[in-house]
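The sequence and structure are shown first.

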Amino acid sequence: MFKHILIPIDGSDVSLRAAKTGIEQAALTKGKVTAIHVISPFQTIAYMGAILAATEFAYDEEAKANAQRYLDQVKALADAAGVPFEGYAEFGDQPYETIVQACKDRHADLIVMGSNGWRGMTRLLLGSETHKVLLRADVPVLVCH
């Protein structure tokens with residue numbers, strides 16, 4: 001049985017549906033959930049350093065606020081279902097790596113995540129974070145559409 005479910009969230013409708021599914025599974029097995037939101041670091045260019053520093057600070061603050069909003073949504077769902085919840089945000093260049101490492105560090109035994117919205121050539125060129133997690137995770141991954 002799955003006792004600790006990791007739920008990566010990105011604020012999209014499909015990740016919220018995945019969170020509901022993960023919480024339902026945890027309720028059935030009397031398990032717990034951990035939600036993670038991976039924040040992409042600010043990308044800089046070498047031009048007008050003071051302006052970029054201010055922009056990076058603003059980006060970081062907005063990204064953290066968005067992450068907290070996403071985590072609060074999942075926490076509300078978990079609380080309503082009576083499922084123990086932990087949530088956190090982390091900066092990471094490669095979201096799939098951060099997700100797989102979080103699974104190992106937190107000893108999760110299932111990852112429940114949404115499929116992404118990439119289509120056509122973009123998906124072919126950039127790939128899918130969900131697909132990368134599927135290929136690299138040591139635990140089962142439930143993908144929700």
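## Enclosed space

The count comes to 1 cavity of 30 Å³ or more. A cavity is here a set of points on a 1 Å grid over the protein atoms alone where a 1.4 Å probe fits but cannot get out. The largest cavity holds about 40 Å³ of space, a volume being the space filled by probe spheres set on the points, which are joined across faces, edges and corners.

Ile-9, Gly-11, Ser-12, Ser-15, Leu-16, Tyr-70, Gln-73 and Val-74 form the lining of the largest cavity; lining residues have an atom within 4 Å of a point. Helix H1 (13-29) and helix H2 (49-81) are the elements that give two or more residues to this lining, and H2 supplies the largest share, 3 residues. By class, the lining has 4 nonpolar, 4 polar and no charged residues. In this scheme, Ala, Val, Leu, Ile, Met, Phe, Trp, Tyr, Cys and Pro count as nonpolar, Asp, Glu, Lys and Arg as charged, and the others, Gly among them, as polar.

## Basis of the model

The model is predicted: local features need pLDDT of at least 70 and side-chain atom pairs count only at pLDDT 80 or more, whereas totals for chains, interfaces and linings use all residues. Residues are numbered from 1 along each chain as its sequence is written, and side-chain values use heavy atoms, with hydrogens and water left out.

## Open space

The largest pocket contains about 520 Å³ of space. A pocket is an open set of points with protein on both sides within 12 Å along at least five of seven lines. Its lining comprises 25 residues, of which Ile-9, Asp-10, Val-38, Pro-95 and Glu-129 lie nearest the centre of the pocket.

Two or more lining residues come from each of H1, strand E2 (32-39), H2, helix H3 (95-106), strand E4 (110-114) and helix H5 (129-136). E2 gives the most, with 4 residues. The pocket lining divides into 12 nonpolar, 10 polar and 3 charged residues.

## Fold and surface

The chain has 5 helices and 5 strands, taken as DSSP runs (helices H or I, at least four residues; strands E, at least two) numbered from the N terminus. Along the sequence they follow the pattern β-α-β-α-β-α-β-α-α-β.

Of the 145 residues, 39% count as buried, that is, under 20% relative accessible area with a 1.4 Å probe and protein chains only. Among contacts (heavy atoms within 4.5 Å) with a separation of 6 or more, 74% join residues 24 or more positions apart. The chain exposes about 8400 Å², of which carbon and sulfur atoms supply 56%; the areas come from the Shrake-Rupley method with a 1.4 Å probe.

Notes
Buried means under 20% relative accessible area, exposed over 50%, partly exposed in between (1.4 Å probe, protein chains only).
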